[in-house]
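Colleague: I am new to this structure and would like to learn how to read it. Could we take it feature by feature?

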Amino acid sequence: MHERILVVDDDPGMHAALREFLKSRGYDEDGAFSAEEALKMLARNDYHLVLLDVKLPGMSGLDAIPLINRTGFRGAIILMTAYRSRDTAIEAVNSGAYDYFIKPFSLKEMDVVIRRALERQKLQEEIARLKPMIHHEGALGRIIGESEPMKRLKDMVQRIAPLETTVLVTGESGTGKELIADVLHSLSGRATGPLVKINCASIPESLLESELCGHERGAFTGAHTQRQGKFEQADGGTILMDEIGDMPFSLQAKLLRLVEQKQVERLGGKKSIDVDARIIAATNQDLFQRIKEKQFREDLYYRLNVGAIQLPPLRERKDDLPLLVRYFLERINVKIGTAVSGVSREGMELLFHHPWPGNIRELSNLLERACIHADGTVLTGDDVRMAFQKSTGDAGHQVPDAAISLGQTLEEVEKNLIIEALRKCKGRQCDAAKLLGLNPKNLWKKIRKHGIEKVMDFALDES
């Protein structure tokens with residue numbers, strides 16, 4: 001399609017000459033004899049450029065520039081003036097004109113400036129077109145992995161992200177649930193709004209409702225000022241409710257009402273406040289089991305689980321290990337100032353044979369430990385072994401080789417690793433969790449799952 005140019009000049013001779021010249025250069029030209037007429041034409045038609053005279057009957061060209069921009073016109077404005085005034089030229093540019101010409105002027109020079117203005121406009125349009133695509137690819141690029149499970153995950157994220165539905169993200173500890181929430185927010189229509197995060201397991205039950213809904217001054221002892229809750233803070237954006245499976249049962253009914261009605265009532269308040277926040281909930285727990293145990297409301301589960309995303313554990317996507325190792329090594333080098341470029345074949349074999357109970361978080365921690373103690377620019381098998389040994393606090397501990405690992409079930413491997421870590425840490429749960437790449441709460445859940453609470457007592461007796 002040819003570029004369309006609007007000529008605005010009340011001098012019949014100049015008006016006709018400009019239009020004839022533009023037509024000879026292959027442009028679709030149109031004309032108006034006043035600013036008021038030009039504004040009406042701009043409201044009805046699409047133009048790429050406006051040639052605008054300063055001196056016009058009624059409204060001047062300078063006064064018309066802000067009004068032209070308000071019509072939604074995104075093209076270039078070139079001002080024409082018979083006044084050789086520096087102030088006029090400065091005012092023209094400051095008002096938003098691309099350039100200006102002083103009459104009389106050379107049509108050849110005008111042709112060059114017009115072409116440059118139109119090329120600049122095309123470039124800006126291309127940037128505007130590509131910007132969402134670049135942002136989209138950049139956000140998805142944060143999800144590292146090309147294995148089949150990760151391809152399915154990325155496809156699901158792309159499908160769900162633009163929707164306004166609630167989302168439930170599930171997966172083992174350390175698989176990257178918070179990252180997925182970040183990407184979902186970035187790819188949604190709420191990307192320019194706030195992303196507010198709250199960990200339902202880290203806040204005491206007595207304070208959680210206040211954190212979510214806010215409170216009025218004097219609502220309880222210590223409430224000296226009015227405070228917005230997380231849902232109000234997330235208005236127009238997204239709220240991530242991490243560890244949703246640990247939310248106290250007594251508060252789940254209130255959350256259900258909030259999800260359905262999109263309203264909050266601050267503690268001590270008497271009015272409901274409308275909130276528009278998309279909810280992303282995340283958990284590493286089996287919510288069906290929690291429902292059976294009467295610890296999680298079934299109706300809330302189905303209300304949250306409209307968009308469902310299940311993150312695969314690292315042991316099910318080991319094909320991604322080379323990509324993950326490269327990604328983490330680059331970050332670690334920047335973080336601690338090392339220059340490790342890769343992992344040897346022997347080192348990679350050890351990584352492939354490990355069961356990774358702590359998933360991505362464990363891998364990141366292990367590589368950082370290995371980089372700290374490495375002598376060269378490539379992590380050797382010994383560097384990786386030492387990192388595994390440091391993770392259990394035992395310099396004499398040996399990482400199981402492939403034959404031993406394959407002879408055990410994943411449950412047995414996880415149980416033995418936890419027992420070993422507890423022994424080395426004298427039963428100190430926080431220290432053991434750090435060595436395993438887990439948070440203390442998740443470690444305690446695994447201890448109960450495997451029925452090894454007595455190991456902690458034994459370790460304490462030994463100390």
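Colleague: What volume does the second largest cavity have?

Modeller: Start with the terms. On a 1 Å grid over the protein atoms alone, a cavity is a set of points where a 1.4 Å probe fits but cannot get out, while a pocket is an open set with protein on both sides within 12 Å along at least five of seven lines. Grid points are joined across faces, edges and corners, and a volume is the space filled by probe spheres set on the points. Here the second largest cavity has a volume of about 70 Å³. The search of the whole structure finds 2 cavities of 30 Å³ or more.

Colleague: What should I know about the model itself?

Modeller: It is a predicted model: local features need pLDDT of at least 70, side-chain atom pairs count only at pLDDT 80 or more, and totals for chains, interfaces and linings use all residues. Residues are numbered from 1 along each chain as its sequence is written, and side-chain values use heavy atoms, with hydrogens and water left out.

Colleague: Which residues line the second largest cavity?

Modeller: Lining residues have an atom within 4 Å of a point. For this cavity they are Glu-209, Leu-212, Cys-213, Phe-231, Met-247, Leu-251, Lys-254, Leu-255 and Leu-258. Helix H8 (205-213) and helix H10 (249-261) each give two or more residues. The largest share, 4 residues, comes from H10. Helices (H or I, at least four residues) and strands (E, at least two) are DSSP runs, numbered from the N terminus.

Colleague: How does that lining divide by class?

Modeller: Ala, Val, Leu, Ile, Met, Phe, Trp, Tyr, Cys and Pro count as nonpolar, Asp, Glu, Lys and Arg as charged, and the others, Gly among them, as polar. This lining has 7 nonpolar, no polar and 2 charged residues.

Colleague: Where is Val-275 found, and is it buried or exposed?

Modeller: Buried means under 20% relative accessible area, exposed over 50%, partly exposed in between (1.4 Å probe, protein chains only). Val-275 is found in the loop between strand S12 (273-274) and strand S13 (278-283). Its relative accessible area is 7%, so Val-275 is buried. Contact means heavy atoms within 4.5 Å. Leaving aside residues up to four places away in sequence, Val-275 touches Phe-231, Glu-232, Asp-235, Lys-262, Gln-263 and Val-264. From Val-275 to Leu-258 is 17 residues in sequence and 9.0 Å in space, C-alpha to C-alpha.

Colleague: Now a sheet. What is the order of the open sheet of 5 strands?

Modeller: Strands of a sheet pair through backbone hydrogen bonds, either parallel or antiparallel. Two strands pair if DSSP finds at least two bridges between them. In this case the order is S2-S1-S3-S4-S5, with parallel pairing. Strand S2 (28-32) and strand S5 (99-102) stand at the edges with a single partner strand each, so one side of each has no neighbour in the sheet. The twist averages 20° from one strand to the next. Strand S3 (residues 49-53) and strand S4 (residues 76-81) pair over 5 bridges, and Asp-53 stands opposite Met-80 in S4.

Colleague: Which helices lie on the sheet?

Modeller: Axes are lines fitted to C-alpha atoms, for helices over the stretch in contact, and angles run from 0 to 180 degrees between N-to-C directions. Helix H1 (residues 12-24) packs on the sheet, touching strand S1 (4-8), S2, S3 and S4, and its direction makes about 165° with that of S2. Helix H2 (residues 35-44) lies across S1, S2 and S3, at about 135° to S2.

Colleague: What volume does the largest pocket have, and which residues lie nearest its centre?

Modeller: The volume is about 990 Å³. Its lining has 34 residues, and Asn-284, Gln-285, Asp-286, Lys-445 and Lys-449 lie nearest the centre. H20 gives the most, with 6 residues. By class, the lining has 11 nonpolar, 10 polar and 13 charged residues.

Colleague: Which residues in H20 are buried?

Modeller: Asn-442, Leu-443, Lys-445, Lys-446, Ile-447 and His-450. After H20 comes Gly-451, with a positive phi near 65°.

Colleague: And how much of the protein chain counts as buried?

Modeller: Of its 463 residues, 48%. The chain has 21 helices and 16 strands.
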